[in-house]
Each structure stands twice: as C-alpha cells, then as structure tokens.
Amino acid sequence: MTMQADEAKLEALAGKVIGDVASAMSLFMAYLGDQAGVYDALDGAGALTVDELAAKTSLNPKYLLQWLGSNAAAGYVTYHADEERFSLSPEQALIFAQEGQPACMQGFFQAVVSQYETQAKAVETFKSGAGRPWGDHSNCCFCGTDRFFRPGYAANLVDNWIPALDGVEEKLKAGGKVADIACGHGSSTILMAQAYPNSTIVGIDFHGPSIDEARAKAKKAGVSNVEFQLAKAQDFDGKDFDLACIFDALHDMGDPVGAAAHIKQSLSPNGTFMLVEPMAGDSMSENLHPLGQIYYAFSTTICTPTSLAQEVGLGLGAQAGQKNLTKVLNQAGFANVKRAAETPTNMVLEVTG
C-alpha cells in the first residue's frame with residue numbers, strides 16, 4: 001500500500017538528494033583536476049584566465065571552462081567574475097592541491113572513484129552475500145586508501161599516538177622491535193623507521209602487490225631499519241615485539257580474534273598492542289552523521305566483503321566501536337584496553353596484559 005507523502009518533507013529530501021548528486025559529481029571533478037594537474041597549476045599562480053590556465057597545463061580550454069564552472073559552483077575554486085579569472089584560496093589549495101598536508105583530501109576522492117570503477121563487482125557482491133577479497137579491488141583503491149590515511153599518520157603517529165602509550169616511545173628511541181601488521185603500502189612503517197632509527201620496524205601484509213609497493217617506497221625513502229613480510233595477521237613470523245600496530249584494518253579481517261591472539265603471542269612480556277580504528281560510537285544511533293555515513297558506505301563495499309572473503313568472516317565493519325573492539329581483544333586474551341588518543345576520524349586503543 002502506498003503511503004501519502006508529506007509534500008514539505010518530500011521537497012526537503014529531494015533537495016538534499018540534488019545536493020548529494022552535485023557533491024558526487026564535484027568529487028569526480030576534483031579527482032579529474034588532480035590527475036590532470038589543474039590544481040597544481042592553479043596553486044600559487046594567482047588569478048588566471050581560462051586561456052592562461054590552458055597554456056600552463058596544455059589542456060583544452062573548452063574542457064577547462066566546463067571543469068572550472070563545476071568547481072566554481074562547488075566552491076572548490078574561486079571565480080573572479082569581473083575579470084573572468086579563476087584562483088585557489090589558501091584553504092582550497094590545502095584541500096585540493098597540496099599533497100601530504102593533513103587537510104588534503106585527494107586520497108579520499110581517489111578511494112571513492114575506485115568504488116565506481118568496479119561498481120559491477122560491488123553490485124554482484126552485495127546481491128550475492130559472498131565475500132570479496134581485498135586484492136579484487138582496483139589499484140586505484142589501494143593507492144587512494146594509502147594516500148588518504150598517510151597525511152593523518154604523518155601528523156599524529158610519531159608526535160601524538162606513540163607518546164600516548166605507556167613507556168613505548170622510550171623503548172623505540174633506545175632500540176626496540178615493532179610489528180606493523182596490515183601495513184599496506186608501508187606509509188606507517190616508513191614513518192616509524194624514520195622516527196626511530198635505533199629500532200627495527202617489520203611491515204606485514206597478506207597482499208603481495210602492496211608489500212612490493214612498500215618495499216619500493218622504503219628504498220626510495222632511504223630507510224634501512226625496515227623489513228617486510230608477506231603473511232596474514234594470524235601467522236606472521238617474529239617474537240618479542242615491543243610494539244605491535246594495526247592501523248584501520250582489524251575490522252577488515254575475517255578472524256580479528258585470531259589475529260589479536262597471534263599478536264599477543266608475538267609480543268614481549270611487557271609489549272603493547274596499539275590498535276588504531278575509525279572513530280565510532282558503540283551504537284548506530286551515535287554514528288548517524290556525515291563521517292559515519294562515509295565509513296558505513298566504504299564498509300559496505302570494501303571492509304565487510306574483505307572480511308567475509310576470509311576464514312571466520314566476522315564482518316565487524318568500519319563502525320565497530322570501542323565496545324565491540326574490546327570484546328574481540330578480550331576474547332583474544334588481552335586484559336586491558338583503554339583509549340590512549342583520538343582524532344576526529346580515529347580512535348587509538350592501548351592494549352596490554
């Protein structure tokens with residue numbers, strides 16, 4: 001039976017959806033401008049005409065005019081109507097042009113685009129209820145994920161998160177041993193290796209191409225106190241680690257209890273497990289905001305399918321919350337779980353005992 005719609009509510013919802021469609025296209029335009037170097041050309045160049053920007057980028061001015069119109073309407077570039085010129089404000093430059101800055105969101109955009117790139121597989125997986133291995137995603141997904149998380153780690157890992165752990169920073173400065181599990185492209189591994197040259201940092205991941213990329217990045221960075229290991233969180237080699245870390249990945253694992261149990265066995269008697277997970281409350285009601293909306297969406301197409309493709313397939317999801325995570329860690333044998341630090345997007349749990 002069709003229910004009578006409230007006209008005012010219908011109009012409001014339709015208006016919101018139009019805004020969402022505009023935002024979806026704007027993110028795609030932002031990705032396009034990043035890949036074509038348009039934001040880089042605008043950054044610090046002052047106000048340019050379309051023809052000046054075309055000359056600087058070697059792009060077709062007809063395409064640039066349409067792209068600039070979309071970006072200006074979205075507020076992603078600034079349009080100077082009196083002169084028919086376009087520029088980036090300092091804030092726009094930080095978000096769209098300046099790679100490596102914590103505010104830069106191009107990695108986020110790339111991760112979103114990656115999901116549309118393989119949308120047919122996402123639909124098939126969602127309808128079937130089957131798992132989808134991490135390696136089944138496009139390379140754009142792996143690069144976008146690393147690119148999005150890297151600035152946050154660079155801003156917080158060494159300066160805030162590790163110092164918040166009881167006694168860990170001192171151990172690493174003196175010369176400790178760290179396991180960076182599910183290291184992906186190795187950004188967190190390399191950051192710790194650079195910060196603690198007396199320590200040995202072991203990056204571990206079950207995805208071969210990511211380990212290859214991590215090794216290449218470590219070589220380029222010139223760090224020699226790193227090792228990389230192709231292995232699962234449940235069976236990696238090594239003992240007596242002073243610190244074990246998982247960054248934004250435990251919820252992706254099929255058997256997070258088994259992974260955490262193996263980590264506990266791999267730690268030294270006074271070792272610490274630092275678990276960094278997406279910020280979330282313990283109930284869905286607490287997560288019904290834009291960040292939760294984003295995390296639930298990525299969890300639908302990436303995190304939960306990755307977990308369901310593995311043994312056990314617990315499917316925690318990216319909004320598991322500290323209560324559920326603590327339950328997993330307690331089942332693995334850890335006695336003490338506390339929140340040591342947080343950012344607007346992440347919680348940092350210190351796990352011991």
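Modeller: Arg-132 has a relative accessibility of 1%, so Arg-132 counts as buried (buried means under 20% relative accessible area, exposed means over 50%, and partly exposed lies in between, with a 1.4 Å probe and protein chains only). The model is a predicted one, in which local features need pLDDT of at least 70 and side-chain atom pairs count only at pLDDT 80 or more, while totals for chains, interfaces and linings use all residues. Residues are numbered from 1 along each chain as its sequence is written, and side-chain values use heavy atoms, leaving out hydrogens and water.

Arg-132 sits in the loop between α7 and α8 (helices are DSSP runs of H or I with at least four residues, strands are runs of E with at least two, and both are numbered from the N terminus). If neighbours within four places in sequence are set aside, the residues in contact with Arg-132 are Thr-118, Lys-121, Ala-122, Thr-125, His-137, Thr-301, Pro-305, Thr-306 and Ala-309; contact means heavy atoms within 4.5 Å.

One of these, Lys-121, also has a charged partner. A salt bridge joins Lys-121 to Glu-124, with 3.6 Å between the closest N and O atoms (the term means a side-chain nitrogen of Lys or Arg within 4 Å of a carboxyl oxygen of Asp or Glu). Both residues belong to helix α7 (residues 119–128), and because they are 3 residues apart, about one helical turn separates them. Lys-121 is partly exposed at 31%, and Glu-124 is partly exposed at 47%.

The whole structure holds 12 salt bridges. In another of them, the side chains of Glu-52 and Arg-85 meet at 2.8 Å, N to O. Glu-52 is in helix α3 (residues 50–57) and Arg-85 in strand β2 (residues 85–87), so this pair ties together parts 33 residues apart in sequence. Glu-52 is partly exposed, at 35% relative accessibility, as is Arg-85, at 24%. Arg-339 pairs with Glu-342, their closest N and O atoms being 2.9 Å apart. Some salt bridges share partners, and in this way Asp-34, Glu-99, Asp-146, Arg-147, Arg-150 and Lys-217 form one network.

Two packed helices are described by the angle and the distance between their axes. The axes of α8 (residues 139–161) and α10 (residues 187–195) come within 9 Å and cross at roughly 25° (an axis is a line fitted to C-alpha atoms, for helices over the stretch in contact, and angles between N-to-C directions run from 0 to 180 degrees). The two helices are therefore roughly parallel; that word covers angles under 35 degrees, with over 145 roughly antiparallel, 65 to 115 roughly perpendicular and the rest oblique. On the α8 side, Asp-146, Arg-150, Tyr-153, Ala-154, Leu-157 and Val-158 meet Ser-187, Ser-188, Leu-191, Met-192 and Ala-195 of α10. By class, that contact has 7 nonpolar, 2 polar and 2 charged residues (Ala, Val, Leu, Ile, Met, Phe, Trp, Tyr, Cys and Pro are nonpolar, Asp, Glu, Lys and Arg are charged, and the others, Gly among them, are polar).

A second pair is α1 (residues 7–35) and α4 (residues 61–74), whose axes come within 10 Å and cross at roughly 125°. These helices are therefore oblique to each other. Here Ser-26, Met-29, Leu-32 and Gly-33 of α1 meet Trp-67, Ser-70, Asn-71 and Ala-74 of α4. This contact divides into 4 nonpolar, 4 polar and no charged residues.
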